[in-house]
Structure formats: structure tokens, C-alpha cells
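Subject: Two-chain model, handover and notes

Hello,

Here is the structure I said I would pass on.

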Amino acid sequence: MTFNSVWYALLITAATLLVSYPAAYFLHYTKHKQLWLLLIIMPTWINLLLKAYAFIGILGKHGALNNLLGAMGMAPHQFLFTDAAFILVAAYIEIPFMILPIFNAIEELNEGLVNASKDLGASGWQTFTKVVFPLSLSGVKSGVQAVFIPSLSLFMLTRLIGGNRVITLGTAIEEHFLTTMNWGMGSTIGVVLIVAMVIIMLLTSERQHRKGRVIHRA
Amino acid sequence: MRKFKWSNLYLILTFIVLYLPIGYLILYSFSEGERMTNYRGFTWRHYQELFADPRMIQIVLDTLIVALLSALIATIIGTLGALAINNTTRPSMRNTILSLNNILMVSPDVIIGASFLIFFTALRLPLGFTSVLLSHIAFSIPIVVLMVLPKLRELSGSLIDAARDIGASNVQVLKDVIIPFITPGIFAGFFMAMTYSLDDFAVTFFVTGNGFETLSVEIYARARQGISLEINALSGIMFLFALVLVVGYYFVQQGQSARKTKKRGVTR
């Protein structure tokens, strides 16, 4: 179960990162940045449960997605209560939390470096892989931190969307505390979760120290 | 130019995906049917049902009271905490406190909820309004600290020295110099604390007991039973409310950044 949970969290984080990085990158080059950013933040102000609830309607047996497929002449599928649905909805919920730190990191990046790299003859792709991406890595790391840890513990989604098929650490804790009343076991899993959290924080915090040192030197 | 267009397309697609579920919910809150499939004619019926449901109104009021109270108390405690952290002279001490604060920020809701459940049970505190309020205050304090601290760092020591030189007492320095300067941070902290409280499900779910419910818990309970369009109507209202909050927060932030650019202009 622990392995499963970590695996799902990894998948969710990867999916979120894949969608969010380009979005954050493009966002940096838009006009009216603040407004766009506000539009990204806005969905996070809608209650999590409501968003999960919306997906029950969209993915359900007679929901919007199946209607759409039906209109295109395809047979209805079971979307709700699958692992894929769980990952999709979890990624959807976490996207803004990934975009924000990456966007901030790209914002802080010195535009002069990008220009310098282009002056020295780097192609757009080279500039991106050698300059922009490494320098925005701190944002990616805090984004991963902000997504991975909650993904280990999202228990309402496993119930509402995953249909109890997906069991994460969070689900297990909730079950032991509130259903089976086995608080000892619940706390033990909680400790596992805390250990996972500490590992993630150690893996992702190394960069920030280095950044701090640079600031001190300046 | 072409590449630019592609990036805009990507952004627009992202936004559509982000807003689709919310729009879907609100659209069906006006549907004449009983389920979230096959839109049928416009109606206000679900909103009327919602407003005629005294239990629901009680829950909404409870949620708002918890959010406002917990945000208020957390803002006071968090601001005082930020002041104290700012006053610590030893860097190691400050870093320790800040890391402890950050750990609270990133620890999963489930852990916080479960710990509070154990804590309240050990204290023999009955679960209900008090326990929910206390836990909301507790998880909001770190975010207030994080919002207020940067403002305190911006405050230059010479301002305080100047105030002291012309004979201000400690209370006067706090009241007339420090607090006005960090007010934007305090407001941002208050807004964030309120959002956290309104949005929280996991922690509340653990410590709520039987008698007391907040919106999230109620929505969870109802969503598990299946679809009821009353929830859609409720989400329409909550979306409107969030919109108002976002606009409020936006103006606070705009005010902050406007002041920042003005200052930058002066130093240049």
C-alpha cells in the first residue's frame, strides 16, 4: 500500500509537472500577467470537494464525457471509479499549486541571461535546456513539494473518484482513525507519511540553501 | 510570431480545462432535471430549495463564523509571532522557529487532523465547534506568519530608531510605525487564513464529531450519496463568494505592488 501510494503520488506529480511547466513558461511571456495569474489562482479558492463533485458529474456513466463520446459514435466507458480518473482529478486539483512556484522562479530569472545565451549563438531549445530550465529548477522543486506530499494523503478523492479502489496513505489513516478505530495503526501509518514528507523536503530543499548563499555573497 | 500563437493556445486550453468543471457545476445548478446529465431548461428551483433549507443555512453560517473567527485569531497570534521571530537576534534560533513553521505549512492535512483528534481526545475536550475552531486557528497561524514576516523584513531599522529618537515609547513604535507598515501583510495573511479555513476538509473531518458540520464535510457526505443539484446551486453561490474574495485579495496585492514600484522609483 505504501508503495502504491508513492507510485500514485509520483504519477500525479509527473502529470501535473508536465502540464504546468509549459503553462508557467508561457505565462511569463504574456501581457497582463497579474490578471492571468489571478485566473490561475481562482480555481484554488473553490472548495476541493466541489471540484471533485463536478468530476463525478463529468465522468459518470451518463456524464458529459460519455455523452460526448456517444455523440462521436463510441460506446460509453466506465470512467468514474478507475485509477486513471483518480490521477486525472488529483492532477487537475494540484495544477495551480505547481504553476505558481514555477512561474515565480521564471519571473525571478534574469532576462539578461537569456539574451546573453542567444547572443552567444544558442538555439531557442539550447537556451531553454541550458539556461532557463536549470535556473527555474528551484520553482520546480517547491512545486513538487507542494504537490507530492498532498498527493500521498488525498483521501476524499480516493473515496469519491477512486471508488475505494485506490488506497493511499491518507485513506488508510482516515480509515484507521474514524472507521476501525485502530488509532495505533493509524498513527503508525501517519509516521510513515511524515517520514515520506521529510525525505521529500530533504530532496527538494538543497537548492534553496545554495540560493541563500548566493544572496549572502551579493 | 507563430510560436507565440501556439503558446497562447496552450494557455487558453489550460484555462478552459481549469474552469470547465466549475462551469459545468454552475451550469447544472440552473437545470430543470434532477441529475447532472442532459441539461433541461432554465430554473432557479435549486437555489430556492437551498435557501428554504434551514439546516443548510445553519451550516453555511457555521462555516463562515469558523472561517472569520479563526482567521481573526490566527492573524493576531501570527502577527505577534512574526514580530517575535523578527526580534530574535540569534540566527540559529530564528531559523529553527522558521523551519518548525514551514513543517506545519507542508505537513499533510490528514496528519494535522489525526493529531488534533488524538490531542482533543486526550484533553477530553468534546468534539464540535470549539475543536474545529481551535484546529483551524492552529493551521492558519503558520501562513499568517509567512505573510507578515517579509513585510517586517522590509521595514528598515532606521525608521524605528528615528521613532525612538524623537521619544516614542515601545507601544507607540508598535502602534504608529510597525503596524501601519505591515498592514498589507496582515491583510494578506487574514485573507489566506480565511481561504484555508473555508477550503479545509480533511482537518475538519477528523475533529468535527457528530453535532457540528462545515460545508466541506456536508458536501462530502452528500456527494457520497450521489448527485443532488442543491449542491450545484451551493457551488454557484460559493463561486460568487470566492470571486468577491479574490477581487478583494487582488486589490490588496495591487496596493502592495503599487507601493513597491513607487518606492523603487524613489530609490532610483
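Predicted model: local features only at pLDDT ≥ 70, side-chain atom pairs only at ≥ 80, totals over all residues.

Chain B

Of its 268 residues, 36% count as buried. Taking contacts in chain B between residues at least 6 apart in sequence, 80% join residues at least 24 apart.

The chain is divided into domain 1 (1-43) and domain 2 (54-237). The centres of these two domains of chain B, taken over C-alpha atoms, are separated by 32 Å. Domain 1 puts eight residues into the contact and domain 2 puts in six residues. On the domain 1 side, the residues that touch domain 2 are four nonpolar, two polar and two charged.

The UniProt record, an unreviewed entry, places "transmembrane region" features in chain B at residues 9-30, 64-85, 97-123, 129-149, 177-198 and 231-252. I looked at two of these spans in the model. Residues 9-30 of chain B are 91% helix and 0% strand, with end C-alpha atoms 30 Å apart. Residues 97-123 of chain B are 89% helix and 0% strand, and there the end C-alpha atoms lie 26 Å apart.

Helix α3 of chain B (residues 54-87) has 34 residues. From first C-alpha to last it reaches 49 Å, close to the 50 Å expected at 1.5 Å a residue. Its buried residues include B:Ile59, B:Thr63, B:Val66, B:Ala67, B:Ser70, B:Ala71 and B:Ala74. Further along, B:Thr75, B:Gly78, B:Thr79 and B:Ala82 are buried as well. In an α-helix, residues three or four places apart point the same way, because there are 3.6 residues a turn. The buried residues of α3(B) pack against α6 (129-154), α8 (170-199) and α10 (215-225) of chain B.

Contact between the chains

On the chain A side, 48 residues are in contact with 43 residues of chain B. Elements of chain A that give two or more residues to this side include α1 (2-28), α8 (137-153) and α11 (183-217). The most comes from α3(A), with 10 residues. By type, the side of chain A that touches chain B divides into 35 nonpolar, 10 polar and three charged residues.

The core

Which residues touch the most other members of the largest nonpolar core? They are A:Leu49, A:Ala52 and A:Val89, in a core of 125 residues. Helix α5 of chain A (residues 83-108) supplies the largest share of this core, 16 residues. The core also draws at least three residues from each of domain 1 and domain 2 of chain B. Leaving aside residues up to four places away in sequence, A:Ala52 touches A:Val89, A:Met156, A:Leu157, A:Leu160 and A:Ile161.

Most residues other than glycine have a negative phi. A:Met181 is not a glycine and has a positive phi of about 60°. It sits in the loop between α10 and α11 of chain A. A:Met181 counts as exposed because it has 10 C-beta neighbours inside 10 Å, where the cut-off for exposed is 12 or fewer.

B:Arg124 also has a positive phi, near 60°. This residue lies in the loop between α5 (109-122) and α6 of chain B. B:Arg124 has 6 C-beta neighbours inside 10 Å and therefore counts as exposed.

Regards

Methods:
Residues numbered from 1 in each chain as written. Chains lettered and ligands numbered in written order. Core = buried A, V, L, I, M, F, W, Y, C linked by C-beta atoms within 7 Å. Buried ≥ 20, exposed ≤ 12 C-beta atoms within 10 Å, placed from the backbone. Helix = DSSP H or I, 4+ residues; strand = E, 2+ residues; numbered from the N terminus. Domains from an automatic or database assignment. Contact = placed C-beta atoms within 7 Å. Nonpolar A, V, L, I, M, F, W, Y, C, P; charged D, E, K, R; others polar. UniProt positions renumbered as here; feature names shortened; annotations may be inferred. Expected span 1.5 Å × (residues − 1).
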